[in-house]
Amino acid sequence: MPERPVHGRLTVDLAGLREISADLRRDTDEDLRPGFATAQRQMRYGARFCLALDCAEGRAARASVNDVLDQHRKNAEHQLRVAEGLTIALERIVENYTDADTRAAVRLGEVEAELNRALAQLTPPVVKQAPPPRGMLA
């Protein structure tokens, strides 16, 4: 992909991105994922009401609640995937910016060294002049 010129100045708060990424990772790992697992465990049998009373209304209500629980599970799985994907994306962004900054710093050091070598070659040597003669006629 060809590089496009960036107009203006682009600044990225890497510390802020690291903090957001770490917070999101922690929230996902400590809250969202365990909460999802707990909900899955508690709702794995679906709606359990009206089992002894086998009537059309009870079956319909149970089916409706089971549909809601299934949709809740799908939504929770989606939220977990989105949170994990966002965390990975933020971590990659921070890593890429850090790597780019490191490569740029190394390259700038190389350019500076090359410029210093070129300047040293262009600068004429300093010739020491003899002191002016001292005396009466001088």
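Biologist: Is Glu 91 buried, exposed or partly exposed?
Modeller: Glu 91 is partly exposed, at 33% relative accessible area. Buried is under 20%, exposed over 50%, partly exposed in between, with a 1.4 Å probe and protein chains only. Bear in mind that this is a predicted model: local features need pLDDT of at least 70, side-chain atom pairs 80 or more, while totals for chains, interfaces and linings use all residues. Numbering runs from 1 along each chain as its sequence is written, and side-chain values use heavy atoms, without hydrogens and water.

Biologist: Which side chain meets Glu 91 in a salt bridge?
Modeller: Arg 25, at 2.9 Å, N to O. The rule is a side-chain nitrogen of Lys or Arg within 4 Å of a carboxyl oxygen of Asp or Glu. Glu 91 sits in helix α2 and Arg 25 in helix α1, 66 residues apart. Helices are DSSP runs (H or I, at least four residues), numbered from the N terminus.

Biologist: How many salt bridges by this rule?
Modeller: The count is 10. Another one pairs Arg 33 with Glu 84, closest N and O atoms 2.1 Å apart. Arg 33 is in helix α1 and Glu 84 in helix α2, so this pair ties together parts 51 residues apart in sequence.

Biologist: And how exposed are Arg 33 and Glu 84?
Modeller: Arg 33 is partly exposed at 30%. Glu 84 is partly exposed too, at 24%.

Biologist: New topic. Where is Cys 50?
Modeller: In the loop between α1 and α2. Cys 50 has a positive phi of about 60 degrees, though it is not a glycine. Most residues other than glycine have a negative phi.

Terms used: Helices (H or I, at least four residues) and strands (E, at least two) are DSSP runs, numbered from the N terminus.
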